[in-house]
Amino acid sequence: MTAVPQNASMPPHAPLAHPRQDLARGFRDDAAPDHRTDHSALIWRAATFLPAFGATVALLWGFLAWFATDGTTWAEGLLAALIGLGFFWIALTFVTVLAGSGALLRNAAPEDGPVRPLDVALLVPVHEEAPWDVFGNAAAMLERLARAPGHHRWSLYILSDTRNPDRAAQEEAAYDALRARLPDADIWYRRRAQNTDRKVGNLSQWVEHWGGGHDAMLVLDADSLMSAGAIRALADAMGRDPGAGLIQSFPQLIGARTLFARSQQFANAVYGVALAEGLARWTGREGNYWGHNAIIRTRAFASSAGLPRVRGLRGGDNLILSHDFIEAGLLRRAGWGVRFLPRLRGSYEETPPTLIDHVLRDRRWCKGNLQHLGLLGTRGFHALSRFHLFHGAVGYLLSPLWFLLLTIWAVIGVSEDKSVINYFSPDNPLQPNWPEMSPVNHIWLMVTLYALLLAPKLIGAAALLASGVSLAKLGGGLRFATSLAVEILVSIAYAPVLMVQQTLAVASALSGRPLDWTPQARDGQRQSWLTLFRFHALETVLGLTLVLGMTTGFVSLWLLPVMVSLLFAAPLSWLSGVRLHGAMATPQEVRAPLVAKRAATWRAELRDRLGVTPAE
């Protein structure tokens with residue numbers, strides 16, 4: 001058990017054993033109730049995966065038939081396999097959204113049964129965050145809970161890993177201010193002397209020292225915000241389900257002010273609802289964990305989900321970076337259910353404000369998700385837990401795959417005479433017999449690709465309206481249609497840039513480069529043009545290369561959208577941080593949640609109390 005720091009204002013110890021799990025040996029928690037097969041989830045699973053697999057087989061059949069006109073070569077077979085691999089994940093997303101859209105049109109049966117009252121700890125791990133924002137959000141949640149506490153008991157813990165002494169002093173001052181303003185609330189604060197194992201170690205220390213005093217822990221992020229109704233609903237769901245080890249809410253994005261952030265916020269609010277509903281249907285009790293805004297049974301987590309260090313590609317013991325996926329798998333392995341409640345409203349988080357901020361966060365996630373490939377063989381994991389790990393890694397590996405396919409498409413050229421491959425090696429007997437990319441084939445490929453990418457957006461938007469969300473909550477019909485068009489254009493513009501950046505992130509992760517573990521940017525800082533062009537140098541060079549290919553006739557003009565995006569990556573990055581007002585409105589913005597309004601008031605008050613200007 002780790003030592004308790006001196007700079008802490010915490011309740012008496014309530015220790016709880018939290019052993020590190022052996023990933024080479026199976027484990028079953030004796031406290032977990034017997035698990036019953038969820039037949040409904042199995043049906044939804046089959047109804048989702050079989051169509052996606054069938055569509056992929058049909059696509060491969062079509063490509064191989066096209067290639068076979070002049071005899072299928074190994075290169076064409078490899079190309080078809082790569083296309084099929086990339087297409088399956090697009091098809092799976094499409095079918096999941098389609099299934100979720102159908103499910104949204106049906107009224108969900110309300111959960112019934114007695115609710116066991118729980119002692120719930122709200123945990124907020126922080127690292128170099130703005131204290132007025134963190135404590136302001138916490139105050140708003142406690143304030144709303146105090147007005148209608150229900151039959152559960154609530155305590156809030158700010159668990160700090162902040163190293164900067166000035167920031168730490170601000171945290172302590174904010175904590176004292178909160179205790180003075182909310183004297184009846186159970187608010188606790190602890191700052192570790194050393195931030196060993198980062199967030200994993202932060203939470204582990206709390207479990208070991210104080211976890212025994214609480215039935216459940218609601219893990220929040222530094223920018224998390226939840227309404228009292230959402231918090232109570234999660235606690236009720238766990239109090240009603242003795243077999244649930246973790247119940248994940250659907251966090252919706254709020255507070256976005258820039259072009260890039262508002263497009264992410266709009267996509268989450270409009271398209272993400274159907275995707276979340278479909279995901280919940282086929283995952284059942286084998287769901288996943290996203291690291292925050294979820295309630296966890298404390299003793300189940302303590303006994304089943306202690307994370308060991310693992311061996312990396314370069315040897316040595318390494319921290320598991322994307323710990324949430326693994327913790328969900330360990331809970332399920334031990335016999336506890338992992339559920340997802342997509343229709344629970346009132347769970348919120350923020351999103352990075354600019355493209356660069358998004359990319360920097362994505363690099364950390366990429367390295368953690370690729371690390372999961374080495375943990376697929378963990379003994380005792382449910383098959384769907386392994387799929388979650390694999391799916392998270394493939395989400396990043398698809399970028400270099402699409403980059404490779406686009407590169408092949410570019411070098412094949414527009415005809416046998418206008419082909420980079422034929423130009424450089426016209427008489428090479430070992431040269432693959434690539435299929436000829438006629439104008440008809442170019443059109444077919446582009447229409448198919450963009451249709452598959454856009455269809456989930458349009459289906460998700462239609463399902464949201466059909467489920468009962470009025471256009472008034474989206475700013476009105478004209479404003480919603482405009483927002484839909486703008487978001488689609490923004491997503492198309494940034495997709496090639498994100499593809500290149502994720503390809504770089506994969507290369508960096510596989511090379512073993514150390515991470516620069518800086519805190520996530522919340523407000524966003526405008527970068528200089530020199531910084532922007534240096535950051536996006538590779539995209540700019542690739543864009544110029546495509547311009548050269550198109551002007552000489554060797555590269556198809558159907559790659560024009562990709563060329564424009566890459567060539568203007570730096571200006572697009574600058575544009576991502578431009579402040580917008582009113583565009584791409586969401587229900588949470590048209591009618592701001594009360595807890596969000598109260599959080600804004602608390603943040604401003606604490607900022608004034610700490611003597612901080614808004615620009616700081």
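Predicted model: local features only at pLDDT ≥ 70, side-chain atom pairs only at ≥ 80, totals over all residues.
Colleague: How do the axes of H3 and H6 lie to each other: roughly parallel or roughly perpendicular?

Modeller: The axes of helix H3 (residues 131-147) and helix H6 (residues 228-240) come within 9 Å and cross at roughly 70°. Angles of 65 to 115 degrees count as roughly perpendicular. Therefore H3 is, relative to H6, roughly perpendicular.

Colleague: Which residues in H6 are met by Met141, Arg144 and Leu145 in H3?

Modeller: The contact of H3 with H6 has four nonpolar, no polar and two charged residues. On the H6 side, the residues that meet Met141, Arg144 and Leu145 of H3 are Ala228, Ile231 and Arg232.

Colleague: In E13, what is the bridge partner of Leu225?

Modeller: E6 pairs with strand E13 (residues 347-349) over two bridges, in the antiparallel sense. The bridge partner of Leu225 in E13 is Tyr348.

Colleague: Why is E7 largely enclosed by the rest of the structure?

Modeller: Buried means under 20% relative accessible area. Strand E7 (residues 244-249) is largely enclosed because, of its six residues, the number buried is six.

Colleague: Which strand does E7 join through five bridges?

Modeller: With strand E9 (residues 294-297), E7 pairs in the antiparallel sense over three bridges. In E12, Leu341 is the bridge partner of Ser249. The strand that runs parallel to E7, joined to it by five bridges, is E12.

Technical notes:
Residues numbered from 1 in each chain as written. Heavy atoms only, no water. Axes fitted to C-alpha atoms, helices over the stretch in contact; angles between N-to-C directions. Helix = DSSP H or I, 4+ residues; strand = E, 2+ residues; numbered from the N terminus. Parallel < 35°, antiparallel > 145°, perpendicular 65-115°, else oblique. Contact = heavy atoms within 4.5 Å. Nonpolar A, V, L, I, M, F, W, Y, C, P; charged D, E, K, R; others polar. Pairing = 2+ DSSP bridges. Buried < 20%, exposed > 50% of the residue type's maximum accessible area, 1.4 Å probe, protein only.
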